[in-house]
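Biologist: I am new to this structure and would like to go through its charged pairs. Shall we take them one by one?

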Protein chains: 2
Amino acid sequence: MKIIAHIETDFPEKFGIPRQSGIVEELQGKITFEPEYRNPEAVRGLDGFSYIWLLWQFDGAEKDRWSATVKPPRLGGNQRMGVFATRSPFRPNPIGLSSVRLEKITFTERGPVLYVRGADLRDGTPIYDIKPYLPYADCHTDASEGFAHEIRGNRLDVIFPRELLEEFPKEKRDAVIKVLRQDPRPSYHDDPERKYGMAFDGKDIHFRVEGQKLTVFEVVPYEEVRKKNDIIFDKQPM
Amino acid sequence: MKIIAHIETDFPEKFGIPRQSGIVEELQGKITFEPEYRNPEAVRGLDGFSYIWLLWQFDGAEKDRWSATVKPPRLGGNQRMGVFATRSPFRPNPIGLSSVRLEKITFTERGPVLYVRGADLRDGTPIYDIKPYLPYADCHTDASEGFAHEIRGNRLDVIFPRELLEEFPKEKRDAVIKVLRQDPRPSYHDDPERKYGMAFDGKDIHFRVEGQKLTVFEVVPYEEVRKKNDIIFDKQPM
């Protein structure tokens, strides 16, 4: 399997990444090809498609680990489902599948760059393949969703003090609020005293959650994050 | 990359396979897991989904071959598009992506067997991964289709004499007619004298095409097919 490209996103860590693509459509991503594939001809005609598929590599930690059943976070993390009935990364072949909105393509000295929206990928994720989204073959409006019910709705009320929110550029503020609304915590967590840290766009967002209310109390540069021992940085089970 | 399963379909050859999944929904497929993955637990909950994704291996012939541009058959085979703007098999990583309808799951001595519909895969194709189709993440009703316009419509009138059609079991007759309607010929062919052979369900269907009319003139056992020198067995460019 050859890595053809990498994606840049605002998530240097897994914690906070939406559980599927498209859940937070404001999220920005930028795909740059590896030298061997930096040929503008290879994306000729791609700009006619509004969505593309990304086949990508799950994190190193998830390689060579799989089990027949997993505990999907959306079932509260306490019920087991077959791995093939989930999009869990702990599967025989660590390949993720995500459809993202293709916003624009630019042509640079480093080859074509694809600007995408809505990706559920960590910063730096290796990409194996890019394919056009073909609505007549890929969009099934009659599909039943099994145990995976719609979760687009806002689940938490987010209190993000203005002066802290302004640490982020204007065009990223909607995205960061919507990510927090999705509730980045592992589903079994319910401790109003617990402090969480979510890395986003070079910053670290510290917050607590009480009931349905998520309150951001601090935004610090991402580099400092590891020094703060009282902040919990949970790895989110996907 | 581990092969987790294989699919059985009615197409021992590439010629005639619809160009995407779902185009001929009547087509039957049957997925059997490799010994290591024959665990009924691994598909627990999968029956709640009506569609599944298959990640599969393109044919050996297509491995280690890729070019920046390809000629999509639906553009008449004479216009080049970037490989990443197509679903062509001649890409850096030979992985196909298809959504198929999941009809039922049975549990046998050889593990779970998935019965699917609409697959665009050759008989015996190795499967790398099976994932549930999540409509909230995977179905984009607003997606534009680039140069890949809808081709569900019947393109040819098919004359299939009843005594020849009866060579196939009842439940496969709709499928075989719809496959022929899609026009299995390479797009640049237009020769009413030319004889074609399409292998399907252990038989070989011999036909000619004149204008919009496809006429089946013979159905023979698939084994005999190689002895007939006057029949053209085109490999369909995908």
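Modeller: This is a predicted model. At 8% relative accessibility, B:R185 counts as buried.

Biologist: Which residues are joined into one network by salt bridges that share partners?

Modeller: The network lies in chain A and is held together by shared partners. Its members are A:D10, A:K172 and A:D201.

Biologist: Is B:D138 buried or exposed?

Modeller: The side chain of B:D138 meets that of A:R87 in a salt bridge, at 2.9 Å from N to O. This pair crosses between chains, from the loop between β5 and β6 of chain A to helix α1 of chain B. A:R87 has 11% relative accessibility and counts as buried. B:D138 has 0%, and because buried means under 20%, B:D138 also counts as buried.

Biologist: What is the N to O distance in the salt bridge between A:E41 and A:R44?

Modeller: A:E41 is partly exposed, with a relative accessible area of 31%. A:R44, at 34%, counts as partly exposed too. Their side chains meet in a salt bridge with an N to O distance of 2.3 Å.

Biologist: How many salt bridges does the structure hold over all chains?

Modeller: Side chains of opposite charge can pair when their charged atoms come close. Over all chains, the number of salt bridges is 22.

Terms used:
Residues numbered from 1 in each chain as written. Chains lettered and ligands numbered in written order. Predicted model: local features only at pLDDT ≥ 70, side-chain atom pairs only at ≥ 80, totals over all residues. Heavy atoms only, no water. Salt bridge = Lys/Arg side-chain N within 4 Å of Asp/Glu carboxyl O. Buried < 20%, exposed > 50% of the residue type's maximum accessible area, 1.4 Å probe, protein only. Helix = DSSP H or I, 4+ residues; strand = E, 2+ residues; numbered from the N terminus.
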